[in-house]
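Please look at the structure before reading on.

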Amino acid sequence: MILVRIICIIIGYAFGLFQTGYIIGKKNNIDIREHGSGNVGMTNALRTLGLRAGALTLAGDAAKAIASIIVVWCIFHSDYPQCVNMLELYAGIGAVLGHNFPFYLKFKGGKGIACTLGVIIAFSPKMVPVCMVLFFLALIITKYVSLGSILILIGFFAQVIIFGSVNLIGIEKEFLLETYIVAALFMILGIIRHKENIKRIFNKTERKFGESENSHKEG
């Protein structure tokens with residue numbers, strides 16, 4: 001089973017290497033890493049290249065995580081039906097790692113939120129509404145995209161625990177604790193990737209949604 005987990009992470013990482021924002025930037029004759037926050041994710045694509053590029057980046061980054069989970073399910077659902085959903089999360093965390101740390105971009109990728117959203121959609125669609133409500137509430141109240149992104153991660157982790165405790169995610173009890181740990185990794189990794197944003201939120205220097213680039217520099 002250890003080898004199976006490793007294979008799932010590798011599959012996810014391979015899919016995660018598809019850097020949607022970077023590719024769209026290149027099609028527009030720019031290296032998105034040299035503009036805005038220097039990030040290759042959806043938020044910087046939106047601010048640097050506009051709504052269409054931001055939407056395409058969101059869709060592409062979510063889709064690669066979904067694809068990795070589908071592949072893992074196809075390979076392992078017959079042999080490991082009791083824990084295939086947990087294996088999907090391993091593929092998902094691999095996709096986030098590939099997105100955040102692509103070797104061919106010197107391990108400088110995105111922050112993994114759109115990718116994690118794809119994981120949530122594929123892993124358990126019923127968790128999406130709560131995550132989206134948390135995101136948009138944070139955005140409406142504070143206008144901090146980063147805070148909304150962090151709340152998506154927290155909402156996902158909380159729901160994995162809640163749904164797992166009442167047997168709504170299709171994983172046998174012997175694998176539940178491990179599933180909780182893997183789900184926690186999404187949250188921990190995302191918070192670490194947003195550590196500079198968190199500092200700026202507390203310092204009230206974080207760039208708000210809709211603010212001009214000259215107001216604050218978002219990380």
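**Pocket and aromatic pairs**

The lining of the largest pocket holds 17 nonpolar, 13 polar and 6 charged residues. Here Ala, Val, Leu, Ile, Met, Phe, Trp, Tyr, Cys and Pro count as nonpolar, Asp, Glu, Lys and Arg as charged, and the others, Gly among them, as polar. This is a predicted model: local features need pLDDT of at least 70, side-chain atom pairs count only at pLDDT 80 or more, and totals for chains, interfaces and linings use all residues. Residues are numbered from 1 along each chain as its sequence is written, and side-chain values use heavy atoms, with hydrogens and water left out.

**Lining**

- Met42, Thr43, Phe135, Val145 and Ser149 lie nearest the centre of the largest pocket, among 36 lining residues.
- A pocket is an open set of points on a 1 Å grid over the protein atoms alone, where a 1.4 Å probe fits, with protein on both sides within 12 Å along at least five of seven lines; lining residues have an atom within 4 Å of a point.

**Aromatic pairs**

- The count comes to 5 aromatic pairs (Phe, Tyr and Trp rings, the last by its six-membered ring, with centres within 6.5 Å; planes under 30 degrees apart are stacked, over 60 edge-to-face, the rest tilted).
- Phenylalanine 103 and tyrosine 104 are edge-to-face, with ring centres 5.8 Å apart and planes at 80 degrees.
- Phenylalanine 123 and phenylalanine 156 are also edge-to-face, at 6.2 Å centre to centre and 90 degrees between the planes.
- Ring pairs link Phe123, Phe156 and Phe186 into a cluster.
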